[in-house]
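Biologist: I have not looked at this one before. Could you walk me through it, one part at a time?

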Amino acid sequence: MKKIKYALLLVAAALALSGCNTDANEGIFESMMNSTPNASYTIRGLYGIVDDKFLIETYEKDSASGIELLDKSGNRTCIYDAPAEVVLVDESDILIAARKSGETDASYLLLSKNGGDTYSAKEIDGVKYNEISLSFEATYFESTKNSYTLLFSAAGESQTKYVVKGENVEYDSISGTYAVSDAKKFELPSAGGDDRLCIVGDGFFYIKNSDGYKLYELISGNQVYPTDGTAESEPVAVVGKYLFLADGSILVKGNEGYAKVENVSHSLTNPVSSQHAPVATNSDYSKVVGFSNAKPFLFDGTTLTQYAQIGSDVRIVAVYLDGETVYAFTASSGVMKTSIGSLGNFDEL
């Protein structure tokens with residue numbers, strides 16, 4: 001994607017809310033340059049790596065959510081102080097869907113780096129596929145490949161879904177929008193029922209309807225599991241060549257599709273609707289680290305070893321594997337860190 005630079009800071013009183021780690025009297029100018037050291041805080045998601053820092057969405061009680069950078073020493077810097085969700089990252093430019101207080105519809109903003117960890121925000125005219133305006137629903141960041149899978153709905157048509165690779169979204173300076181060059185379109189059959197589309201891994205998503213579950217691959221648009229018909233069990237994660245089902249099965253992908261790994265099971269659950277369960281893998285897929293509730297496990301392709309819960313009332317929302325180092329992003333206790341060889345012993349970052 002193209003690198004776009006902006007110097008204009010969007011100033012809107014409705015967006016000058018207290019969020020991230022700022023005091024109630026601080027606005028967007030001050031908060032975009034504040035850095036806060038290690039503390040327990042709420043994380044809603046991990047959405048990329050920027051300058052070797054984690055890009056996270058945070059939420060603090062009685063205040064707005066915000067977008068922050070977190071370094072590997074535990075220092076946090078708020079770069080956007082208002083309710084927002086990260087859509088994707090283009091080098092140092094960050095596209096977000098921002099929500100004003102009391103409103104459900106999102107405006108698209110581009111955060112462009114000024115210097116250090118300071119960013120300016122510019123409002124853009126949205127995301128479009130051909131002439132269709134898209135409403136952002138969810139994103140999945142795959143750390144091994146540094147790639148994004150995006151889920152949109154057609155504006156005003158919640159049952160019409162578009163699944164997009166982040167590399168197929170570019171800024172169009174003529175229209176002032178982010179233009180989608182390729183997308184897979186799916187029509188869910190009925191509104192208000194149990195039909196839904198969920199992202200479960202890089203380039204994978206499933207559709208649930210009255211018949212069951214179907215897993216699709218984004219690149220081809222083909223149904224990959226089951227290859228004929230529907231499955232009774234919900235896919236909760238796809239990582240590397242492995243597919244985790246809600247019934248405890250682990251499947252491995254081969255030349256003829258997915259086959260069950262015998263004599264091994266898991267208790268992994270999907271913590272947030274329309275998002276993947278917390279798992280991560282290394283570059284050759286020889287090790288998978290995941291969490292069943294707050295109990296870490298290590299899967300090596302044949303054996304799954306589970307460890308003791310890392311804390312009471314802890315919910316893991318994302319896992320990042322950096323070589324042999326495991327980072328667990330929690331919904332209440334900040335980020336915890338350990339090595340693959342010490343999964344039973346996490347320390348707060």
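**A chat about the strands**

Modeller: Let me start with strand 3 (residues 53-59), where six of the seven residues are buried, so this strand is largely enclosed by the rest of the structure. Please keep in mind throughout that this is a predicted model.

Biologist: Which strands does strand 3 pair with?

Modeller: Strand 2 (residues 42-50) pairs with strand 3 in the antiparallel sense over six bridges, and strand 4 (residues 66-70) pairs with strand 3, also antiparallel, over five bridges. To find these pairings on screen, you can look for Val50, whose bridge partner in strand 3 is Lys53, and for Phe54, which stands opposite Leu70 in strand 4.

Biologist: And what about the hairpin of strand 2 and strand 3, which residue takes a positive phi there?

Modeller: That is Asp51, with a phi near 55 degrees, in a hairpin that has two residues between the strands. In the hairpin of strand 8 and strand 9, which has two residues between the strands as well, Gly116 takes a positive phi near 60 degrees.

Biologist: How many bridges join strand 8 to strand 9?

Modeller: Six bridges join strand 8 to strand 9 (residues 118-123), and the two run antiparallel, with Lys113 standing opposite Tyr119. Strand 8 (residues 106-115) also pairs with strand 7 (residues 93-99) in the antiparallel sense over six bridges, and in that pairing Ile96 stands opposite Leu109.

Biologist: Changing topic, how far can I trust the coordinates?

Modeller: The mean pLDDT of the protein chain is 82, and 83% of its residues reach 70 or more. Among the elements of the chain, strand 22 (residues 242-245) has the highest mean pLDDT, 95, while helix 1 (residues 28-31) has the lowest, 32. Over residues 1-19 pLDDT stays under 50, although the model has 62 contacts beyond four places in sequence for them, and over residues 21-38 it again stays under 50, with 45 such contacts. Where pLDDT is low, the predicted coordinates should not be read in detail.

Biologist: Fine. What is the strand order in the sheet of seven strands?

Modeller: The order is 14-15-10-11-12-13-16, in an open sheet with mixed pairing. Strand 14 (169-172) and strand 16 (184-187) are the edge strands, each pairing on one side only, and neighbouring strands of this sheet are turned by 35 degrees against each other on average, direction ignored. Strand 14 is joined to strand 15 (residues 177-180) by four bridges and the two run antiparallel; there Val169 stands opposite Val180.

Biologist: I clicked on Ser153 in strand 12. Is Ser153 buried or exposed?

Modeller: Ser153 counts as buried, because its relative accessibility is 6%, where the cut-off for buried is under 20%. Its side chain makes a polar contact with the side chain of Glu137 at 3.1 Å, and beyond its neighbours within four places in sequence, its contacts include Leu134, Thr160 and Tyr162.

Terms used:
Residues numbered from 1 in each chain as written. Predicted model: local features only at pLDDT ≥ 70, side-chain atom pairs only at ≥ 80, totals over all residues. Heavy atoms only, no water. Buried < 20%, exposed > 50% of the residue type's maximum accessible area, 1.4 Å probe, protein only. Polar contact = N/O pair within 3.5 Å; in protein donor to acceptor, adjacent residues only side chain to side chain. Contact = heavy atoms within 4.5 Å. pLDDT = per-residue confidence, 0-100. Pairing = 2+ DSSP bridges. Axes fitted to C-alpha atoms, helices over the stretch in contact; angles between N-to-C directions.
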